[in-house]
Amino acid sequence: MRTIIVGTRQSALALTQTGQTVDRLRRICEEAGLPFAFEVKPIVTRGDRILDVTLSKVGGKGLFVKEIEQALLDGEIDCAVHSMKDMPFDLPEGLTIGSVPLREDPRDCLVNLHGYTLSDLPPGARVGTSSLRRGAQLQARRPDLRIESLRGNIDTRLRKLETEGLDAILLAAAGLRRMGWADRITAYIDPEDCLPAVGQGALAVECRADDEQVMSLLARLNDGKTERAVRAERRFLGLLNGGCQVPIGAYAVAGSGEEGGEVSLTGMVASPDGGRLLRATARGTDPEAVGSEAAEALLAQGADAILAEARE
Ligand SMILES: NCc1[nH]cc(CCC(=O)O)c1CC(=O)O
């Protein structure tokens, strides 16, 4: 019997989604009679220690992932559960994504105490989010709203809704749902109004590419449609994001069918104030080609000028 050590960040959300993933792996092993046991190993990352500093200033979201990847390479853990949207585009040599489980709800949502949806937030309402992507799309849709910085883990952000006297906050629905806090969600935001982050709502289970036992176990947890949708989104992001801070969103849906069916992706790039906002849609059967096509369509519309400004 091999014990598979599963690494994770130690935030409440990370521990919860890792626990849920391990439960699914245990069930798969029981049903298939596979001789694996599991142990969760929380790892404190640099990203967790500097949450109050603007993440982009200290090296970006990759900070959450790097130390966990080092633990994988060092053999301290055998696989790791990450939020897909925190995964950098390039993985270190020797590591791979062994499983993309079924996606949770990919949408952003509004949380407030008054039942406001996006369209009936009062004029000039103060809305908390530190996501450039959410802020830009919200301002494009409702220029009157005042976007206020909102950092911290989900529970911290929910608390700040009240302690900072905000009229509403924006969060990923997936995080709240995984935590069992779906009842805090006041309104889901249609991707037509706010495209989610690339990979939002999906998980990535990363492992060593040469660990055949773990690779074939993780393959059983893979959801083909989610994987194809996320591959399209990540290709889209990879072509547009030269490591700079710019509002980018994308959402892809993959159908079923013989060859895996059609993938349809809508992507957007905006200026940080939402003054310029470009969207493009592409479809096809090759996920990477769909992601590239949407990215190229945006570049042809002038996304390169928005990206160049963000790099300055
Ligand atoms: N930015 C942090 C983060 N990373 C993953 C999630 C949860 C949603 C998901 O798994 O995509 C969240 C919270 C949020 O954005 O509200």
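Strand 8 is mostly covered, with five of its five residues buried.

This is a predicted model: local features need pLDDT of at least 70, side-chain atom pairs count only at pLDDT 80 or more, and totals for chains, interfaces and linings use all residues. Residues are numbered from 1 along each chain as its sequence is written. Helices (H or I, at least four residues) and strands (E, at least two) are DSSP runs, numbered from the N terminus.

What pairs with strand 8? Strand 5 (residues 108-111) runs antiparallel to strand 8, joined by four bridges. Leu110 has Leu170 as its bridge partner. Strand 6 (residues 126-128) pairs with strand 8 in the parallel sense over two bridges. Here Gly128 stands opposite Ile169. Pairing requires that DSSP find at least two bridges between the strands.

Now the ligand. Strand 8 (168-172) and helix 6 (173-178) each supply at least two residues of the shell around the ligand. The residues around the ligand include Leu171, Ala172, Ala174 and Gly175, as well as Ser83, Lys85, Asp86 and Gln200. Such a residue has its C-beta atom, placed from the backbone, within 6 Å of the molecule. By class, the shell has four nonpolar, four polar and two charged residues. Domain 1 (1-101 + 202-222) and domain 2 (108-188) both give residues to the shell, so the ligand lies between them. The domain bounds come from an automatic or database domain assignment.

Next, Val198. It sits in the loop between strand 9 (187-188) and strand 10 (203-208). Val198 counts as buried because it has 30 C-beta neighbours inside 10 Å. Leaving out residues up to four places away in sequence, Val198 touches Lys85, Glu233, Arg234, Phe236, Leu237 and Ala250. Contact means C-beta atoms, placed from the backbone, within 7 Å. The C-alpha atoms of Val198 and Arg235 are separated by 9.6 Å, with the residues 37 apart along the chain.

Finally, the whole chain. Its secondary structure comes to nine helices and 13 strands. Of its 312 residues, 42% count as buried. Among contacts between residues at least 6 apart in sequence, 70% join residues at least 24 apart.

Technical notes
Ala, Val, Leu, Ile, Met, Phe, Trp, Tyr, Cys and Pro count as nonpolar, Asp, Glu, Lys and Arg as charged, and the others, Gly among them, as polar. A residue is buried if 20 or more other C-beta atoms lie within 10 Å of its own, exposed if 12 or fewer, and partly exposed in between; C-beta atoms are placed from the backbone. Two residues are in contact if their C-beta atoms, placed from the backbone, lie within 7 Å.
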